[in-house]
Amino acid sequence: MTRPWYTRHMPFFFLTFLFAPLALLLLVWRWEKFEGHERGIKLFFAIGMTVFIVFGLLPRGSLPIILPVIGLLIALKLVFNLITRKTG
């Protein structure tokens, strides 16, 4: 199994630095593509940068919109994992 380009250290760092919520969703969506010891570090960094963007850079009223969207996408990933696990 070949590693996608975004799982390497520097591309993931720049992706997280520039588009932290996208990097967090990509990390959750493609969890199996990341090696075991790298998951924790990348997850910590992606969550930290996402929190910084949500609480520091976005307008004050956008938090009630952003958090349900991120939660919904993570829930969809979990449901998708359950469906694929049962069918295959």
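How many aromatic pairs does a search of the whole structure find? The search finds three. The legends below come to them after the overall fold. The model is predicted.

**Figure 1. The protein is built from four helices and zero strands.** Along the sequence the pattern reads α-α-α-α. The C-alpha trace spans about 45 × 30 × 15 Å along its principal axes. Of the 88 residues in the protein, 24% are buried. Contacts with a separation of 6 or more were also sorted by sequence distance: residues 24 or more positions apart account for 59% of them.

**Figure 2. The largest nonpolar core holds eight residues.** Its members are Tyr6, Phe12, Leu15, Ala23, Leu24, Leu27, Phe34 and Ala46. Two elements give two or more residues to this core: helix 1 (9–18) and helix 2 (20–29). Helix 2 supplies the largest share, three residues. Leu27 is one of the core residues. Leaving aside residues up to four places away in sequence, Leu27 touches Phe12, Phe34, Lys42 and Leu43. In soluble globular proteins, nonpolar side chains tend to be buried together.

**Figure 3. Helix 1 has three buried residues, Phe12, Leu15 and Thr16.** Viewed down the axis of helix 1, these residues fall within an arc of 95°, so they line one face of the helix. The buried residues pack against helix 2 and helix 3. Two of them, Phe12 and Leu15, also belong to the largest nonpolar core. An α-helix has 3.6 residues a turn, so residues three or four places apart point the same way.

**Figure 4. The buried residues of helix 2 are Ala20, Ala23, Leu24 and Leu27.** Down the axis of helix 2 they fall within an arc of 100°, so these residues line one face of the helix. What covers the buried residues of helix 2 includes helix 1 and helix 3. Ala23, Leu24 and Leu27 are also members of the largest nonpolar core.

**Figure 5. Helix 2 and helix 3 cross at roughly 145°.** Two packed helices are described by the angle between their axes and the distance between the axes. Here the axes of helix 2 and helix 3 come within 8 Å. The crossing is left-handed. On the helix 2 side, Ala20, Pro21, Leu24 and Leu27 make the contact. On the helix 3 side, the contact residues are Lys42, Leu43, Ala46, Ile47, Met49, Thr50 and Ile53. Of these, Lys42 and Leu43 are also among the residues that Leu27 touches.

**Figure 6. Ring pairs link Phe13, Phe14, Phe17 and Phe45 into a cluster.** The whole-structure search finds three aromatic pairs. One of them is the stacked pair of Phe13 and Phe17, 6.1 Å centre to centre with 15° between the planes. What separates these two residues along helix 1? Phe13 and Phe17 are four residues apart in helix 1, so about one helical turn separates them. Phe13 is partly exposed, at a relative accessible area of 34%. Phe17 is also partly exposed, at 47% relative accessibility. Phe13 forms a stacked pair with Phe45 as well: 5.5 Å centre to centre, 20° between the planes. Phe13 lies in helix 1 and Phe45 in helix 3 (residues 36–57), so this pair ties together parts that are 32 residues apart in sequence. Phe45 is partly exposed, at 27% relative accessibility.

**Figure 7. Lys77 sits in helix 4.** Is Lys77 buried or exposed? Lys77 counts as buried because its relative accessibility is 5%, under the 20% cut-off. Not counting residues up to four places away in sequence, Lys77 touches Val28, Trp29 and Glu32.

**Figure 8. Lys86 is found in helix 4 (residues 63–87).** Lys86 counts as exposed because its relative accessibility is 74%, over the 50% cut-off.

Definitions and conventions: Residues are numbered from 1 along each chain as its sequence is written. This is a predicted model: local features need pLDDT of at least 70, side-chain atom pairs count only at pLDDT 80 or more; totals for chains, interfaces and linings use all residues. Side-chain values use heavy atoms; hydrogens and water are left out. A nonpolar core is a set of buried Ala, Val, Leu, Ile, Met, Phe, Trp, Tyr and Cys residues joined through side-chain atoms within 4.5 Å. Buried means under 20% relative accessible area, exposed over 50%, partly exposed in between (1.4 Å probe, protein chains only). Contact means heavy atoms within 4.5 Å. Rings of Phe, Tyr and Trp (its six-membered ring) pair if their centres lie within 6.5 Å; planes under 30 degrees apart count as stacked, over 60 as edge-to-face and the rest as tilted. The arc is that of the directions from the helix axis to the C-beta atoms. Axes are lines fitted to C-alpha atoms, for helices over the stretch in contact, and angles run from 0 to 180 degrees between N-to-C directions. A crossing is left-handed if the near helix is turned anticlockwise from the far one by less than a right angle, and right-handed if clockwise.
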